[in-house]
Amino acid sequence: MNGKVFLDTNILVYVYDLFDAAKQARSIAIVDGLVRTARAIVSTQVLGEFIAATTWPRRQLLSAEEAIERVF
């Protein structure tokens, strides 16, 4: 299978979620594989959702600076 894969916000957020090691490990493997094979597609909407989800004050996974750095 060589098709492009659209990454959902949740997959990207789980990469930084230390609260669920199993989801984090699986997400890292998925994202790493898709990026290495140049098959990953991410929309601007997903990038915005990623920043909002990872910097949410009640469960902050990244600082605003870290989240923006990951996007760019």
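User: Which backbone oxygen does the side chain of T54 reach at 2.8 Å, and what makes that a polar contact?

Analyst: This is a predicted model, and in it the side chain of T54 reaches the backbone oxygen of F50 at 2.8 Å. The limit for a polar contact is 3.5 Å between N or O atoms, so the value of 2.8 Å for T54 and F50 qualifies. The side chain of T54 also reaches the backbone oxygen of I51, at 3.5 Å.

User: Where does T54 lie, and why is T54 called buried or exposed?

Analyst: T54 is placed in helix α3, which covers residues 44-54. Its relative accessibility is 0%, and since buried means under 20%, T54 counts as buried. Setting aside residues up to four places away in sequence, T54 touches V13, Q60, L61, L62 and A67.

User: What makes the pairing of D17 and R59 a salt bridge, and what does the pair tie together?

Analyst: The side chains of D17 and R59 meet with an N to O distance of 2.9 Å, and because the rule asks for a side-chain nitrogen of Lys or Arg within 4 Å of a carboxyl oxygen of Asp or Glu, the pair is counted as a salt bridge. D17 sits in the loop between α1 (9-14) and α2, whereas R59 sits in the loop between α3 and α4, so the pair ties together parts that are 42 residues apart in sequence.

User: How do you know whether D17 and R59 are buried, partly exposed or exposed?

Analyst: D17 has a relative accessibility of 4%, and therefore counts as buried, the cut-off being under 20%.

User: How many salt bridges does the rule give, and with which residue does D32 form one?

Analyst: The count comes to two salt bridges. D32 forms a salt bridge with R36, and the closest N and O atoms of this pair are 2.9 Å apart, a value to be set against the 4 Å limit. D32 and R36 both belong to helix α2, where they are four residues apart, about one turn of the helix. With 35% relative accessibility, D32 counts as partly exposed, while R36 is exposed, its relative accessible area being 68%, because exposed means over 50%.

User: Which residues of the lining of the largest pocket are nonpolar, polar or charged, by count?

Analyst: The lining divides into eleven nonpolar residues, no polar ones and one charged residue. The residues that line the largest pocket include L7, L12, Y16, A40, F50 and R70; because Arg counts as charged and Tyr as nonpolar, R70 and Y16 fall into separate classes. About 220 Å³ of space lies in this pocket, and α2 (21-36), α3 and α4 (64-71) each supply at least two residues of the lining.

User: What makes R70 partly exposed, and with which side chain does the side chain of R70 make a polar contact?

Analyst: R70, which lies in helix α4, has a relative accessible area of 37%, a value between the 20% and 50% limits, so R70 is partly exposed. The side chain of R70 makes a polar contact with the side chain of Y16 at 3.3 Å, to be compared with the limit of 3.5 Å. Apart from neighbours within four places in sequence, R70 is in contact with Y16, F50 and L62.

Key. Residues numbered from 1 in each chain as written. Predicted model: local features only at pLDDT ≥ 70, side-chain atom pairs only at ≥ 80, totals over all residues. Heavy atoms only, no water. Buried < 20%, exposed > 50% of the residue type's maximum accessible area, 1.4 Å probe, protein only. Polar contact = N/O pair within 3.5 Å; in protein donor to acceptor, adjacent residues only side chain to side chain. Contact = heavy atoms within 4.5 Å. 1 Å grid on protein atoms, 1.4 Å probe; cavity = no way out; pocket = protein on both sides within 12 Å on 5 of 7 lines; lining within 4 Å. Points joined across faces, edges and corners; volume = space filled by probe spheres on them.
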